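Subject: A structure for you to explore

Hi there,

Here is the structure I promised to pass on to you.

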Amino acid sequence: MPASVQFPPLRSADDFLTGSARFALPDAGNWAKWRSRVVRNLQYYQSNYFLMVVVVFLVVGCLQPVRMVAGALVVGSACGGLAWARRHGEAVRLAQRHSPGGVAVALALCSLVLCHLVGGLLFFLSGIALPVLLVILHASLRLRNIKNKVSNQMELLGVKRTPMGLLLEALGQNLDPQADDTTETEQRYPKSR
């Protein structure tokens, strides 16, 4: 019987940033290891990441609230326009089906035009991009610990389900540890052959 979705607890500041937290640059030559580290950390620290995104977004929003609201309206209008066009325009549906990247570029171009008209869009997007960048940076640099590995195994076995695990599965990310060729310890200290 599959487990219900559970929000994991906030990890301590000692575990997340200070004290026992260990950080190292990922191996630039091994994309699979880097991806695995990011996915595992996204799963383990998801509550901390969610809180960090909300706090940074609110801080950025408090700096220029009018520009933030204007930018949110521009983005909402652009997405609403695309949803309307998808529902009512066969040409748009065909274009999105055959060239989803082209539709994404068209949406970005429409957003840039609206940005020229409403300067708050860039401010709003920076309010989104900054916390996402911080999350990716932390997930890339934070080395996994035993609690992280145990928690990831519980998610894989279906003992517990988390929102991030469901999101990563929906995005097609492999949560199976067998996808990893070696552990981080073996990567740092290779066995002599």
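First, how to read the notes. This is a predicted model, in which local features need pLDDT of at least 70 and side-chain atom pairs count only at pLDDT 80 or more, while totals for chains, interfaces and linings use all residues. Residues are numbered from 1 along each chain as its sequence is written, and side-chain values use heavy atoms, with hydrogens and water left out.

**The overall picture**

The chain has ten helices and zero strands. Both are DSSP runs numbered from the N terminus: helices are H or I with at least four residues, strands are E with at least two. Of its 193 residues, 31% count as buried. Buried means under 20% relative accessible area, exposed means over 50%, and partly exposed is in between (1.4 Å probe, protein chains only). The chain exposes about 12100 Å², and carbon and sulfur atoms supply 70% of that area; accessible areas come from the Shrake-Rupley method with a 1.4 Å probe, and for residues only the protein chains shown count as cover. Take the contacts (heavy atoms within 4.5 Å) between residues at least 6 apart in sequence: 79% of them join residues at least 24 apart.

**Aromatic rings**

How many aromatic pairs does the structure hold? There are six. Rings of Phe, Tyr and Trp (its six-membered ring) pair if their centres lie within 6.5 Å; planes under 30 degrees apart count as stacked, over 60 as edge-to-face and the rest as tilted. Phe57 and Phe124 have ring centres 5.9 Å apart and planes at 85 degrees, so this pair is edge-to-face. Phe57 is partly exposed at 27% relative accessible area, whereas Phe124 is buried at 10%.

Ring pairs also link Phe16, Tyr44, Tyr45 and Tyr49 into a cluster. The charged end of Arg11 sits over the ring of Tyr44, 3.8 Å from its centre. Here "over" means that NZ of Lys or CZ of Arg is within 6 Å of the ring centre and within 35 degrees of the ring normal. Arg142 has its charged end over the ring of Phe23 too, 5.9 Å from the centre.

**Two residues in helix α7**

Phe123 is found in helix α7 and counts as buried at 15% relative accessibility. Leaving aside neighbours within four places in sequence, Phe123 is in contact with Val60, Leu63, Gln64, Arg67 and Met68. Phe123 and Gly71 are 52 residues apart in sequence, yet 6.8 Å apart in space, C-alpha to C-alpha.

Leu141, also in helix α7, is partly exposed, with a relative accessible area of 23%. Beyond its neighbours within four places in sequence, Leu141 has contacts that include Phe23, Ala24 and Arg37. From Leu141 to Ala24 is 117 residues in sequence and 5.2 Å in space, C-alpha to C-alpha.

**A residue in helix α4**

Cys79 has its place in helix α4 (residues 65-88) and is partly exposed, with a relative accessible area of 43%. Cys79 and Leu107 are 28 residues apart in sequence and 7.8 Å apart in space, C-alpha to C-alpha.

Enjoy looking around!

Best wishes
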